[in-house]
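I opened the notebook to record what I looked up in this structure, one topic at a time. The entries follow the order in which I went through them.

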Amino acid sequence: MKIDREIVLTPTLSDAEEQRYSDQGRRLANQLAIFLRTFKLYESTNDNYRKQLQLLRDLTNDLLTEHLEVSLQAQSGYLFYCSVRMRGERTPNDNSHYLLELFERLGISGLVFELGYTEEEITRCAEIIWRLSQQDGTDYDIVRVALGEAGVSKIEVLPPIIETSVEMDDKYRQRRFAQQTFFNAVGNLKTVMHAIGTSRPVSLSRTTRVIHSIVDQVLSDDSYLLELTALRDFDEYTFVHSTNVCIYSICLGANLGLMKSELSALGFAALFHDVGKTKLPLQVLNKPSDFTENEWELMRKHPTYGLLSIAKTMPLDDTTCRAMLVAFEHHSNIDGSGYPSLDFKRNLNLFSKIVAICDVFDALTSGRVYRRDARSPEYVLETMLSEVGTKFDETLMRVFVRTISVYPPGTLLLLNGNRIALVIGPGRDDHFRPMVKVIGNRKGLFEIAEELDLADKDDATGEYIHQIVRVIDPRETNIDVSRYVLESWHNES
Amino acid sequence: MLEHQQIYGPLELSALKELFGSLAKTVKTVRQYPPHHQVAAKFYEALHERFANCLSTIEGISIEVSLDSFSCCDEIIYHSDSLTDNIASLLHRDGIRSIRFSHGLTNGEIDRFVDLLIRAGRDDEARVDIVNEIWEADLEHIQCEVIDDLEYGEIEDADSLREEFIEEGSKGMSDSGGIDTHLWSENVEEDQQRARNQEETARFTFGGLVRHTQADLQAIEKLVSDDRKRDVKRDVINLLLQLCAYEKSVHDLGLILESLQAAYDRLIRNGSFATLTEIVSGIIRLLSERNFESDRFERRLKEFYQRCGDMVRIKMITKRLNENPETDLEPVAQYFRLLGWESLNNMIWMLGELEHYRARRVLCDLLVEKGKNQIQLIGGAVYDSRWYVVRNVAMIIGETELAEGVAYLQRAARHADDRVRIEAARSLARIESNESAEALIGLLDDESERVRSAAVNGLARLKHSGAFERLRDLVTSEQFADREQNSMRQLLVALIRSDGNESLDVLVQLLKKSSFFKRARIRRMQEAVITALEAADRTAAEDILTAVASSSDSHLRELARKVQTRIQSNHSRKQALDSSKSPTGSGGGDQ
């Protein structure tokens, strides 16, 4: 066997090449699954079976003109074709998932086809796979020996992969890096806000580095960070909320075409928009019930306190001045309403208008200490759209919807087939069909979630394979979203 | 680490040593000279050339950065033990461990990089370090690698935060067990229908938003371009001032002013004098325009205004100006102009502390302006123990040209240091009054020749009848002939210059003077008169000298002729000079 038995990444592949491998793998996985399923249903003389067998042979022969051998291998819930991870290729109903479950039952990680394998060999192989998959205690050695005894030499099985020995692929690394950045942002913000709360001068170069890191990641692929906005922690509400607003704002700013340095300033302003709250008593901030009028009056002062806190503790440059304006204006509406109420007229800063949108969206979708009932993003967006021209700038609101999509990251969806999915990023082509992780079904939640592109269509019918039945509230189902958002961390730790 | 693309040979390493040596020298030079100075420009030019040469033979320059050196392939290519001019430590201390300069590096990027190195660490309170600045500069062909430890060393550990999130997220939530829910549907058809409804509703509500329209693109462009025109610093200052203006609670006004004060002090340390000027102007405007319901509001604002020029701030400004001689002084002047009389003494103190002439000059000009209304405050500084302060104050009083200043200058004219007395003499000459003439006459007997000379010149310059009268009385006195000949000549010249016509009569009288007992002294005096005539109007002097040239005294006759010749020769020289300056002077235009 010439193949390296562990998945070896091929980092030199370009995006286009990776996509080509991914497409080849998808075709092979589909056909292999269909063939094996057909084998289960029909006799070997059946026309249907013969047709699928021929299609598989044609396809593999075609692929083997490019490679000396072709492999399909499972690792961490993903399928790899010739060592390249296939994109958007796993759902409970699709062929890839069928193979993943089959390989797991057999105790193998995959199959390798070598040039010159015969029709007889693939038929014997299918028989063995079918028979052994029905037996308990099947493992790699049993399957390997069975194939050897049946004279199958040009189709081999791959041993199971020990997770820790496998290198992360780029997406894993990006996801992990995004998580690192997210937690660094939250942690750094806690430190800095504490210093500001006690009116001590603060060192902001580290905060700025965290923001630069967020900007870099958003410009590279915003979905990894957007996905993390689904995390909730009521004990750290202000810090998590501010970090989310920072991420949303930078994403929105990037869609407006702002320059890198402007995105950095926007991120900075967004991160500190609620800094004035450090001056409010904790018993008010953390009050679980509705505020009294006096408490509201105090709350309405936090924008002014924010402005003054930044003026007092930070150097006065363009970035901090923007942050001061945003801290002061983020509860001001474009029609002049909102708070603090002023005796003079102001033209709101662009950054303030952006942060105002992101602030309201995150606050309403995540729930607050004093109102834990989060609303669905779809509902919140619809409500916010009804307030353009009075509360929010219409253009920015439209761009915001485009930025986070109709089903923003963190949204829980009920898919057809009684599947529950978590949105992890906007769809590639269709705003109504996002990227999701399928995290469970009526039997329960999955240990490892699977990524799925809701824009995938059935090759034969041209219809969408998956349908969104409705948006669901995590509390409605008691689903802990964070474990799926942080899944890659689990896998790598 | 950034990967080395190749192993460098000895020649390449040698070129890299020269390159980074040149970079260090450029940084050092540009710190000393203004950015557009020709010396700095030459260093930039050499650096550009070296980078271009290196990048033409080397496929990207990757260097490792340590505390005191740069290295390449384990070879040190730059080393410095200096605490102030070590460019490696500037990068290393903020966490940079390697840098790569790649093909396509532009001169603009090199200049920006040098600029960042020059500014690195100058401002202790800056929001950004050099790593942030390099990122924000978006230098496409310069990449840095930064260590993480430094980056996140002091903040809460990301791992523990993650655990906290998982714990918090799972509270009351399902793990992997069944989901107790009413979600499930047994009816596939019903499921399909609900899905269709969901999609239709979503597309109906949001369908128009999924793509940028032309109108959207135009609106976005306008939003962004309008915003880029805003001066956010000014916005913030105006906002803070507006809050001051409209605040109804004394307590909250105190909070606003407290923050404004902190920002204000930071602005001084950064040398943002234009912004400071805006703040002071705003406070002055508030004080003049606002009708205060309570004295406490007004008092708070006045206190703020007074603090703008108190000793603490003046010391901060002095430090800033001394450390940054290249500061744009125009806004500094505007700032000083806005300060009240309460700050005058502090500004005079500052006068003695400023190290750079440009800044002193600006302050002096301001004190001249302010001194016109507050001469007693300025004048009081002649009692300052620092001679150089008194000298500057003497100069300022002179420039006010106020007669009230003479009393202070008389005091300065008695100062122990002759540099102060000289300045006093010069300043007295600018104030037309009998008192200033008197004071200058007094200085004619000063022990210092330079002071006496300044007094004579001062008297000559003083176009005041009092000065002429005092000089006439002096030169016609009996004791005049007892002076040294040079002193006599200086006084006579001063007399001629203070009033040309009348003075000639006096000179003629002196030439006619005779005394049997004081013959020698009278002759020396008359010699002084003849030589002093060189300073008089040529025609009038010629008449007098012609008369002397035909006198019986051969010595005086000879001297008069010599002076006549000198006057004639000076006149011819002057004519030649004038004609060469005129457009037709040297081109044969007379033909």
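I am working from a predicted model, and I began with its largest nonpolar core, which has 207 residues, and in which Ala425(B), Leu440(B) and Leu492(B) have the most contacts.

Entry 2, around Leu440(B). I looked up the contacts of Leu440(B), leaving aside neighbours within four places in sequence, and listed Ala425(B), Leu428(B), Ala429(B), Ala455(B), Gly458(B), Leu459(B) and Leu462(B). Ala425(B), which is on that list, was also named among the residues with the most contacts inside the largest core.

I placed Arg421(B) in helix 21 of chain B, which covers residues 418-428. Not counting residues up to four places away in sequence, Arg421(B) touches Ala413(B), His415(B), Leu443(B), Asp446(B), Ser448(B) and Val451(B). I also checked Leu409(B), which is 12 residues from Arg421(B) in sequence, with 8.7 Å between the two C-alpha atoms.

I counted 20 helices and 10 strands in chain A, and of its 493 residues 51% count as buried. Of the contacts in chain A with a separation of 6 or more, 68% are between residues 24 or more positions apart.

Entry 5, a sheet in chain A. I traced an open sheet of five strands in chain A, in the order 9-8-7-6-10 and with antiparallel pairing. Its edge strands are strand 9 (444-453) and strand 10 (468-472), each of which pairs on one side only. From one strand to the next, the twist averages 30°.

Entry 6, strand 7 of chain A and its partners. Seven of the seven residues of strand 7 of chain A are buried, so this strand is largely enclosed by the rest of the structure. Strand 7 (residues 419-425) pairs with strand 8 (residues 435-441) of chain A over six bridges, in the antiparallel sense, and strand 6 (residues 412-415) of chain A is joined to strand 7 by four bridges, again antiparallel. Gly425(A) has Met435(A) as its bridge partner in strand 8 of chain A. In the hairpin of strands 6 and 7 of chain A, which has three residues between the strands, Gly417(A) takes a positive phi near 80°.

How many residues of chain B are in contact with chain A? I noted 72 residues of chain B, in contact with 77 residues of chain A. The elements of chain B that give two or more residues to this side are helix 5 (130-137), helix 6 (148-152), helix 7 (158-170), helix 8 (188-206), helix 9 (214-228), helix 10 (232-246) and helix 11 (250-270). By class, the side of chain B that touches chain A has 34 nonpolar, 17 polar and 21 charged residues.

Technical notes: Residues are numbered from 1 along each chain as its sequence is written. Chains are lettered from A and ligands numbered from 1 in the order in which they are written. This is a predicted model: local features need pLDDT of at least 70, side-chain atom pairs count only at pLDDT 80 or more; totals for chains, interfaces and linings use all residues. Two residues are in contact if their C-beta atoms, placed from the backbone, lie within 7 Å. Ala, Val, Leu, Ile, Met, Phe, Trp, Tyr, Cys and Pro count as nonpolar, Asp, Glu, Lys and Arg as charged, and the others, Gly among them, as polar. Two strands pair if DSSP finds at least two bridges between them. Axes are lines fitted to C-alpha atoms, for helices over the stretch in contact, and angles run from 0 to 180 degrees between N-to-C directions. A nonpolar core is a set of buried Ala, Val, Leu, Ile, Met, Phe, Trp, Tyr and Cys residues joined through C-beta atoms within 7 Å. A residue is buried if 20 or more other C-beta atoms lie within 10 Å of its own, exposed if 12 or fewer, and partly exposed in between; C-beta atoms are placed from the backbone.
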